[in-house]
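Subject: A structure for you to look at

Hi there,

Here is the structure I promised to pass on. Please open it alongside this email, and I will walk you through what turned up.

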Amino acid sequence: MIKCSFCGHEFTEEQSVAGCASCPMHKSCNKHKCPNCGYEVLKEPKLIKVLKKWGKKDAEIRN
């Protein structure tokens with residue numbers, strides 16, 4: 001889930017793609033467009049995603 005930093009609306013990556021379909025830069029853009037307010041949220045870097053996954057796995061192992 002992605003949370004819009006402007007309006008607080010939570011949405012999926014698939015929902016954000018629908019708002020960007022008409023933009024000519026949609027394939028190379030590094031933003032998600034909030035379907036609620038239209039605010040463009042920067043995509044999370046791949047490194048951060050990997051670190052979050054490692055953190056979740058580590059928490060599961062400890063429990």
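You are looking at a predicted model, in which local features need pLDDT of at least 70 and side-chain atom pairs count only at pLDDT 80 or more, while totals for chains, interfaces and linings use all residues. Residues are numbered from 1 along each chain as its sequence is written, and side-chain values use heavy atoms, with hydrogens and water left out.

Not counting residues up to four places away in sequence, His-32 touches Ile-2, Phe-11, Glu-13, Ser-16, Tyr-39, Glu-40, Val-41 and Lys-43. This histidine lies in strand E3, residues 31-33 (helices, H or I with at least four residues, and strands, E with at least two, are DSSP runs numbered from the N terminus). Is His-32 buried or exposed? His-32 is buried, because its relative accessible area is 8% (buried means under 20%, exposed over 50%, and partly exposed in between, with a 1.4 Å probe and protein chains only).

Next, follow the side chain of His-32 to that of Ser-16, where the two make a polar contact at 3.0 Å. Such a contact is a pair of N or O atoms within 3.5 Å; within protein, one must be able to donate a hydrogen and the other to accept it, and residues adjacent in sequence count only if both atoms are side-chain atoms. Ser-16 sits in helix H1, residues 13-20, and counts as buried because its relative accessibility is 2%. Setting aside neighbours within four places in sequence, Ser-16 is in contact with Phe-11, His-32 and Lys-33.

How many salt bridges are there? The count is 2, where a salt bridge is a side-chain nitrogen of Lys or Arg within 4 Å of a carboxyl oxygen of Asp or Glu. One joins the side chains of Lys-31 and Glu-40, at 3.6 Å from N to O. Lys-31 is partly exposed at 32% relative accessibility, and Glu-40 is partly exposed at 41%. Another links Lys-52 with Glu-44, whose closest N and O atoms are 2.7 Å apart. Lys-52 is partly exposed at 47%, as is Glu-44 at 32%.

Last, have a look at Ala-59 in helix H2, residues 46-62. Ala-59 counts as partly exposed, because its relative accessibility is 36%. From Ala-59 to Phe-11 there are 48 residues in sequence and 25 Å in space, C-alpha to C-alpha.

Enjoy exploring!

Best wishes

Terms used
Contact = heavy atoms within 4.5 Å.
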